[in-house]
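Subject: Structure for you to look at

Hello,

I am handing over the structure we spoke about. Please have a look at it first; my notes on what was found follow below.

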Amino acid sequence: MILPINNIKNSINFSADSNPKDKKTLEYDHDTLLPNNIYTYTRIGMDKLTNAFTLYPAKGLKGSKNANFYEFLTMGTVPYLIGSAGLMAVFNFANKFFSPFDKVQASKIGQKMALGVLFYGVAKSLSKQLISRPVNMLTGVDTDQPYAKVIYELPDNINDTDITSIEYHKVFESVEFPRWDLLYGDEAKGQKRNFRYDKIAKKLNMGENLNDSDQETKPRIKEIIVKSNVAKSISSYMWAATGVALAFQKPWEDYFNAMTFKFWKPQEFLKSLKVFGASFVKSAKDLYKGEGTGIAKHAGKILLGAAVLSSVLGVINTVAGSKQTPKSKSDIIKPDEKHVVS
């Protein structure tokens with residue numbers, strides 16, 4: 001039976017209007033630039049990790065129409081962590097089946113393997129800052145600038161009012177389609193519209209007080225992003241390999257003997273941290289000095305030198321070709337003036 005039109009209000013309940021207390025208070029109501037610091041990345045990392053293990057798999061398994069590619073990529077953390085834990089387990093859980101002497105030797109290898117997995121991930125991630133930070137200082141382009149993106153989802157049912165979610169992206173995540181709009185200043189807050197582009201133009205030797213600094217700098221910014229991405233890829237794997245090599249040095253055995261994660265026992269825990277620091281320094285020295293003869297003795301130096309060189313050359317290549325070379329005044333038409341300088 002077809003219901004009369006005037007009875008629709010009895011069939012559909014717009015709970016968002018009828019009960020305002022149920023509305024979700026959003027941290028952001030529009031796409032928002034975030035400060036690029038440790039606190040921001042820690043908060044983003046914890047949020048993405050929590051959702052990767054809980055919310056996103058649940059949405060995917062039930063076939064939610066709101067599940068998207070961002071959530072799929074975020075869940076890539078799960079197999080990475082599980083695989084890393086599995087790799088550690090392979091070299092440690094079988095130790096109890098060995099003879100006492102073999103068990104000690106196997107434990108040393110297993111513990112170093114676990115530390116190597118940890119150092120691989122940490123070095124690969126943090127080493128990217130060795131490119132992005134200097135590039136930012138020298139060009140004004142923050143290649144890792146994060147922002148919060150507000151996503152308006154489709155309601156799963158007629159009573160669903162929580163239809164907004166937050167995703168974390170980077171302004172230059174896409175080289176072809178960067179979020180240029182987020183870099184413009186808010187004139188309502190007293191900011192110049194192009195103040196960020198003005199800063200970049202000045203650092204790139206393109207002049208000051210340009211009429212259209214955004215249009216002038218965008219091609220150069222794209223060039224910087226492409227070059228820095230290549231530099232990060234090469235450099236991060238070199239530093240990751242160095243991290244693994246560092247983890248297999250003999251001084252770490254001192255830390256394994258004193259290792260404890262019982263933070264509720266402050267004396268033991270602090271002693272463990274102290275031994276970790278000492279073992280790190282000794283291991284770095286041993287890696288640099290090397291053992292044996294020939295190329296084996298200098299392998300650590302070569303690996304460390306290659307990692308440092310990849311970062312230094314990456315920054316130089318990114319910055320050097322992006323800055324405009326100053327010319328003599330007689331050859332310049334100043335973009336911020338209406339006449340040729342003579």
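Helices α10 and α13 are roughly antiparallel to each other, because angles over 145 degrees count as such and these two pack at about 170°. Their axes are 9 Å apart. Please keep in mind that this is a predicted model.

On the α10 side (residues 213–247), the contact with α13 involves residues including Ile224, Ser228, Ala231, Ser235, Met238 and Trp239. From α13 (residues 299–320), the partners include Leu303, Leu304, Val308, Gly314 and Asn317. By class, this contact has 12 nonpolar, 8 polar and 1 charged residues.

Helix α10 has another packing partner in α8 (residues 129–139), where the axes come within 9 Å and cross at roughly 150°. That makes α8 roughly antiparallel to α10. Leu130, Ile131, Ser132, Val135 and Thr139 make the contact from α8, and Ile224, Ser228, Ala231, Lys232, Ser235 and Trp239 make it from α10. These residues divide into 6 nonpolar, 4 polar and 1 charged.

Next, the sheet. Three strands form an open sheet in the order β1-β2-β3, with antiparallel pairing. The edges are β1 (32–33) and β3 (164–170); each has a single partner strand, so one side of each is left without a neighbour in the sheet. Strand β2 (residues 146–152) is joined to β3 by 7 bridges, and Ile151 stands opposite Ser165 in β3. Helix α3 (residues 38–53) packs on this sheet and touches β2 and β3, its direction making about 125° with that of β3.

Last, the aromatic rings. The count comes to 13 aromatic pairs. In the pair Phe69 and Phe72, the ring centres are 5.8 Å apart and the planes stand at 20°, so the pair is stacked. These two residues are 3 apart in helix α5 (residues 69–74), which means that about one helical turn separates Phe69 from Phe72. Phe69 and Phe72 are both exposed.

For Phe263 and Trp264, the centres are 5.3 Å apart with the planes at 75°, so that pair is edge-to-face. Phe263 and Trp264 are exposed too. Elsewhere, ring pairs link Phe119, Trp252, Tyr255, Phe256, Phe276 and Phe280 into a cluster.

Regards

Terms used: Residues numbered from 1 in each chain as written. Predicted model: local features only at pLDDT ≥ 70, side-chain atom pairs only at ≥ 80, totals over all residues. Heavy atoms only, no water. Axes fitted to C-alpha atoms, helices over the stretch in contact; angles between N-to-C directions. Helix = DSSP H or I, 4+ residues; strand = E, 2+ residues; numbered from the N terminus. Parallel < 35°, antiparallel > 145°, perpendicular 65-115°, else oblique. Contact = heavy atoms within 4.5 Å. Nonpolar A, V, L, I, M, F, W, Y, C, P; charged D, E, K, R; others polar. Pairing = 2+ DSSP bridges. Phe/Tyr/Trp six-rings, centres within 6.5 Å; stacked < 30°, edge-to-face > 60°. Buried < 20%, exposed > 50% of the residue type's maximum accessible area, 1.4 Å probe, protein only.
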